[in-house]
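Trainee: Hi, could you walk me through this one? I'd like to talk about helix packing and then aromatic rings.

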Amino acid sequence: MAYFLGIDTGGTFTDAVLLNEQRQVVASAKRLTTRLDLSVGIGQSLAALPQQLLAEVAMVSLSSTLTTNSAVEGKGSPVCVLLIGYDAQQLKASGLPELLGPEGIVMLAGGHDAGGREQAALDEEAVRQAILAHRERVSAFAISASFSVRNPCHELRVQELVNSLAGQPVSCGHELASSLGAPRRALTAALNARMIAQVSQLIDSVQGLLARLNIQAPLMIVKGDGSLVNAGSAMLRPISTVLSGPAASVNGACALSGYRDLIVADMGGTTTDIAVVRNGRPELSFDGARVGDWRPMVEAIRLYSIGLGGDSEVSFDNGLGIVIGPRRVVPLSLLASQYPAVIRVLERQVQSHPNSSHNRFALRLQRDDALLRHLSADEQAAWERLEAGPVAIEQASMDERWLARALARLERKGLVIYSGFTPTDAAHVLGLSQHWSTQAASLAARIWARRMRRQYGFGSWPEGDAEAPARDVFQQVIRIICAKLVEAGLHDAGQDGDVSRLARLLGELIMTPEGGRDTRSVFSMHFADDLPVVAVGGPASSFYPMAAEALGVRLCLPPHGEVANAVGTLFGEVVQRVHITVLQPMLGVFRVFTRHGPVDHDSLEAALALARAQAAEEAEQMARQAGADSPRIEYQLEENRVRNDIDGEIFFEARVTALASGMPALRFAEFA
């Protein structure tokens, strides 16, 4: 008998499942993710599975929220972005200065126009100088040229120079996106470059473990659209794995619940992801997926990803009150379960005058060699200090100010993570969760509440009470969940743009504090009468029963829902899409924008035939390279034609899409 192994590496937990030939769960395991060395947490998950069955694994499939989390939190490895033919307005629109800072961006002469003609010569000497100046300080390069989807030759030439002068990974905009929109294409290339080191580390960790366990099955990775690619393809285009974890959770929620029409809500440690599924198929977004504040050009499941999870930091805003997320911190309940000495510090803090460094410890999060090579002396000393365990920020601020400042810089770089009071801690205080230290969670709640009262004048909780503030935090999480479910419903109904304020208003009208209908209201509003909410993820069972009651919706917490992401990695096939544009720039000339540059024809039929042939060839090649066994080809054609009284019907533009899909090649051919 053959088995299928699914692995999901999230910000907090790493899950592993074994499915049999009927795709039923045979065994599952959940262990803490170890960001400093991912192989430790993954290895612990695999060790908890029946070892005698691992030798019969026909395929391994992997998903991860690491790339999604890094985008949501605005963190990643240092990169250099080479922008060719961009102006200041395009740079500002891209969001790159906010993402990277000015030191990671180089503006260069060159680029093409909308017809694929060179608008300025590429300044190769400036390119060489930029590469040499940055190659020792970054982990990868990103390249984006104006209208590179119409003619990629400048991007390809700069890619050659990076390969020869730096030998580092390169992300080209035209290889990642086929649509116009230079600013977003530049952002996509930059995010892709930032993720290469993370995804490579993850894949290397899994491959090393599989080799040690003598599992010789192919390794597949879930993309953001729910389809699969092999490890080699994922390392070339890690941006495609943004929303990998949420996409896998949608697959898993459908498989575990048995529903074909549903709302999937996946709550993890860092994010909450919501998707509407009808007829067993989630809608795809071809205009780019929203990930936190960013919208890269990635074809992905249409979902709504927000920085709300069990590990989201609970803070305060004068205008909003209790604020949850988007920053992820380590729950005090978890930290104390790993380092019991933390409790003694919390016991002292709960008796002392409150300040902003209470509840705050720093500990190592992950290694990034490109960042570690360029630490200052203070930062290096702080990094070494953390070798022994977490450092209390209050003590560092009083005794070693340099250490507190250095730790803050390391946290901003993504090497260090702070602890804090979180929804997970609130759930422990209220008895809804018992995974870790309830004592530490109670102390953290009391410390947080004292600070809110005495520093901000917020809250009227009794002195020393942990349950009342924890209950208020819990209720705020419920309100946010309800508002985001309503917001997803508004988008599903065709409401575009920012509808968050409308969603909050409708959410308040639909739900009541007790969760029932308010018969005194003149409003009679309902949400998702025909769709159940299928909630999955580790914290879902703590928060979603009350959220579903408040909105009056059917709730399904499916069996094995806590490992739905890992299950969902095994429900998908390899899918690769190639888009080629055909324009009529002048009457009687039909221009095909191929990967090698524009090609003109004097008939539309010939132009479309070339586009179909090239798209099919590239799509099939990409599908086979991505691990498909026998890909099949489908075509889609979108045309823009206008009819007028003088010339009749005029052709303007067409987009030819070739879609190559097929099941992944398995270790045992009979199960393919």
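Trainee: At what angle do helix α13 and helix α19 pack?

Mentor: First, a caution: this is a predicted model, where local features need pLDDT of at least 70, side-chain atom pairs count only at pLDDT 80 or more, and totals for chains, interfaces and linings use all residues. Residues are numbered from 1 along each chain as its sequence is written, and side-chain values use heavy atoms, without hydrogens and water. Now, α13 (residues 341–349) and α19 (residues 438–456) pack at about 30°, with axes 10 Å apart. Helices here are DSSP runs of H or I with at least four residues, and strands are E runs of at least two.

Trainee: Which residues make the contact?

Mentor: With contact meaning heavy atoms within 4.5 Å, α13 uses Ile343, Leu346, Glu347 and Gln349, while α19 uses Gln439, Ala440, Leu443, Ile447 and Arg450.

Trainee: Thanks! Switching to rings, how many aromatic pairs are there?

Mentor: A search of the whole structure finds eight. Rings of Phe, Tyr and Trp (its six-membered ring) pair if their centres lie within 6.5 Å; planes under 30 degrees apart are stacked, over 60 edge-to-face, and the rest tilted. Phenylalanine 316 and tyrosine 456 have ring centres 4.9 Å apart and planes at 35°, so the pair is tilted.

Trainee: Where do phenylalanine 316 and tyrosine 456 lie?

Mentor: Phenylalanine 316 is in strand β17 (residues 312–317) and tyrosine 456 in helix α19, so the pair ties together parts 140 residues apart in sequence.

Trainee: Is phenylalanine 316 buried or exposed?

Mentor: Phenylalanine 316 is buried, at 18% relative accessible area. Buried means under 20%, exposed over 50%, and partly exposed in between (1.4 Å probe, protein chains only). Tyrosine 456 is partly exposed, at 36%.

Methods
Axes fitted to C-alpha atoms, helices over the stretch in contact; angles between N-to-C directions.
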